[in-house]
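Visitor: I have a new model to look at. Could you take me through the terms as we go?

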Amino acid sequence: MRKFVVRRVLLSVFILFFVALIMYTIMRCIPSSFTEAKARQLSQLPGAKSYEEWLAQLNALYGLDKSIIGGFFSWLGDALRGNFGDSWYWNKPVLEEFRNTIWYSFVLGAIAFVLEIVIAIPLGILAARKQYGMADYVITVVALIGISLPTFFFATLLKYAFSIQLNWLDLYGLVGRFYDQLSPFGKILDMGKHMIMPIATLVIINVGGLMRYTRTNMLEVLNADYIRTARAKGLPENVVINKHAFRNTLIPIVTLLGGTLPSLFSGAMITETLFQIPGIGYVSYQAMINGDIPFYMFYSCFLAILTLVGMLIADILYAVVDPRVRFD
Amino acid sequence: MSTEEKKVGAPEPAENKSVEQMALDDERRVKVLSPGALVAKRFFRNRLAMVGLIILIAMFLFSFVGGWVNPYRENQIFEDYSAVVKDFAGATENTEYRFAEVTSGAIPSGARTSLILAVNNGESTYTAGDNTYSIEDLGLDSWLISGTAAVAKVDKLAGKYIISSDSLEVTDALTAAFTKAADAGETSFEFGGETYIITGSNRSFTISTMQELGVGSKLIIEGDNLSYEFRKAALTAMGEGKTSFKADGKTYTMEVEDLNAAVFDGSDEVAAISNYSIQGIENGTVISAELKARIIEAIGEGETSFVLTDAEGNEIEYELTRENNRYTIRTESSTKLIQTYLAPSTSHWLGTDGYGMDILTRLMYGGRISLIIGFVVVILETIIGVVLGGLAGYFGKWVDMVIMRIVDIFYCIPTWPILIILGSIMDSYQIGPKVRIYFMMIVLAVLGWPSITRLVRGQILSLREQEFMTATEATGLTVSRRIFRHLVPNVIPQLIVQCTMSLGGIILTESTMSFLGIGVKFPYASWGNIISSVSNVFVMTNYWYCWIPAGFLILITVLGFNFVGDGLRDAFDPKMKR
């Protein structure tokens, strides 16, 4: 087990190295006039560093004056020491902006994640039990509609219905206009109210996949011999489903969910942008659309790390949850 | 009831006999279906899959045939000439003196302003600058202005006055008259029936005469190429209350009404006199003398609208509105308008967008682009995925190792940061919209192939161990033939399912990119960039037809691909049936 984990971690480091190299190479494709224009523009902001200072910092951080390989290693050295430079767009250290925003994204993602599990697993199991029945069709169609909905369209529909037609919720933002005058409890309620539509968007868009995954796995389990045995023993259907079948269905589901845990930190870029929730997704979208290279390098490495951690967790959970799996 | 009885009841003996004679797997008894036909049968029985198939066929017809049948072009901007009542001209009561001069610049601005003071004080002469002016009342606040004009210079040399002049004939008598006046210290002298004015002192003097310089009046004479003589005569006639005057050797008649008059040369109106100044609102507006006269008449009679026939014989209606002492003349003029955000109608079934283009047409061409991008990307992905997956699965060992590590690396590359940063790189290189589309296809394919490679490799790993592969090896087939003729065809069912599902995903990604402005760009239409008009809240609120149809089309197209993919998976893999 330990040997397996160590091997996977080493492999992950190896993958991360090459992912970072690819990201760096793409970044170097940007014409140098772009960085110069950017530095000139940055230096004209109030209270900003001078043009030469920006350019020197960019050169030092990304090794723009060196070859791609040389520049990459000098950047990697800085990044490993936690120096990701100053964001061009937000005009402050990238890590500071990251610390300010990550928790909004996490709360948003975590609430949506819990809701997805609560909705998807029971419905997926129901669909599998009534395969090709009415309930199955309805659930399948709803799940597929959720998968097929473009995020931006669904979010706009929600806004149109609840903000514009019904006027219940605000169009944008995390807090309302009178946030500062509210009591601490009122502040939480206000934030919660602003999170309703983003969470609804995330849940509807993502719930379909988990629902179908649960259904497929449940169907597989229900076809297994031990279920037939359980039924043959004369166990009540409830016990068969809830005890024998459900526990076995959990194996792949827990593995999948464990693997998606790190992505709670990645931020929902499009949803956050559309609702202007100041999470990491919104902040990095704004930065990247404006050609903010330090933010791009940081955020893409961060996402790559999250993906790798997710894969690692899934692999480990696979063994932990199912004792039949052996690592060789 | 009767049909059931027939079925249940004993079959006829002859038939019974023939059944007994047949073997259990006799071809006549068991209808044998090929595996492909079985899959097709299962697929066509699946209701959801059929719905999906119908949706997809409809979408293809809509996008490809629709764009061809449609009378409008992709980028056709609809314009309309519509009559808009616009401010045409303004008329104000004139409160300033306007001057007509004998020669241009004869009355300097100092003399003009001082005129007002002199008139108010009731003076008949005034000085402005170094010059003296005298004014003569022509009636109706019109003034004939005369001023001194230098005619000669005089220098005193050794007690003698020497007169030099261009216009005066210098005679001894003139010199004597001047000397007499100058010595007496007078400022004027008479000679030959004219009065001369002396200015200057000691050694140098100027002799001037009073000359007519021009007329100043609050009445405005409008007309083309009017001479000074005409203007003066007209004003004089107005002041004296006459109805005709002579100027430039012609006789003109006037129709006078209070301060307004029309001047006729015979029956042609040549000028209008009034105390109103009329100017076009827009630069370059030409207002004919006839129209001006009509406007003045309308003002005088307190009319609020009138009709005038213009040079081409069209009747044009004018409206007059008054605001303090300013009148505004409004008329209908035709203006070219781009028909933006038109509501759905018979000529534009889904209205027009913010550029004035037909939304239904844009949706058709947008569908073409979305579907073409989807198919091209999937084909590219599949080619890369099958080749690499096939190699990795068949050869195993270090080939597998290398390819799968590359797959791992590509799998970890975060899609959206790459797409966004590439979008802004393309912006900074100012790449054209067409090249962008090609580039987008390649990028999406490069980011999408790893999942297909994994699928193909996994399948081939298990197929490799089966007996038929041993058989191909035993018969001595070449490696490429073994991989691509015997292994890959066995992967095709899973591949088709995967491709169908990922087509939907690619269309979603493409439309999201276009929505964010990093994908298909104007002038090309895409469902995503049609919806992006909702970033303007006003459009989102008021023009539902600009964005809801496009979003709905994306939804049902992707849904169609997912239904079909799902149906194909069930059809290929009957294990799932209980």
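Guide: Start where the chains touch: 36 residues of chain B and 38 residues of chain A form the contact. This is a predicted model, where local features need pLDDT of at least 70, side-chain atom pairs count only at pLDDT 80 or more, and totals for chains, interfaces and linings use all residues. Residues are numbered from 1 along each chain as its sequence is written, and chains are lettered from A and ligands numbered from 1 in the order in which they are written.

Visitor: What makes two residues count as in contact?

Guide: Their C-beta atoms, placed from the backbone, lie within 7 Å.

Visitor: Which helix gives the largest share of the side of chain B that touches chain A?

Guide: α11(B), with 9 residues. Helices here are DSSP runs (H or I, at least four residues), numbered from the N terminus.

Visitor: How do the residues on that side of chain B divide?

Guide: Into 25 nonpolar, 8 polar and 3 charged. Ala, Val, Leu, Ile, Met, Phe, Trp, Tyr, Cys and Pro count as nonpolar, Asp, Glu, Lys and Arg as charged, and the others, Gly among them, as polar.

Visitor: Why is the span of α12 of chain B called close to the expected one?

Guide: The expected span is 1.5 Å times one less than the number of residues. Helix α12 (433-464) has 32 residues, so 46 Å is expected, and its first and last C-alpha lie 46 Å apart.

Visitor: Where does α12(B) bend?

Guide: At G448(B), by about 40°. That is the angle between axes fitted to the seven residues ending there and the seven starting there. A proline, P450(B), follows within four residues.

Notes. Helix = DSSP H or I, 4+ residues; strand = E, 2+ residues; numbered from the N terminus.
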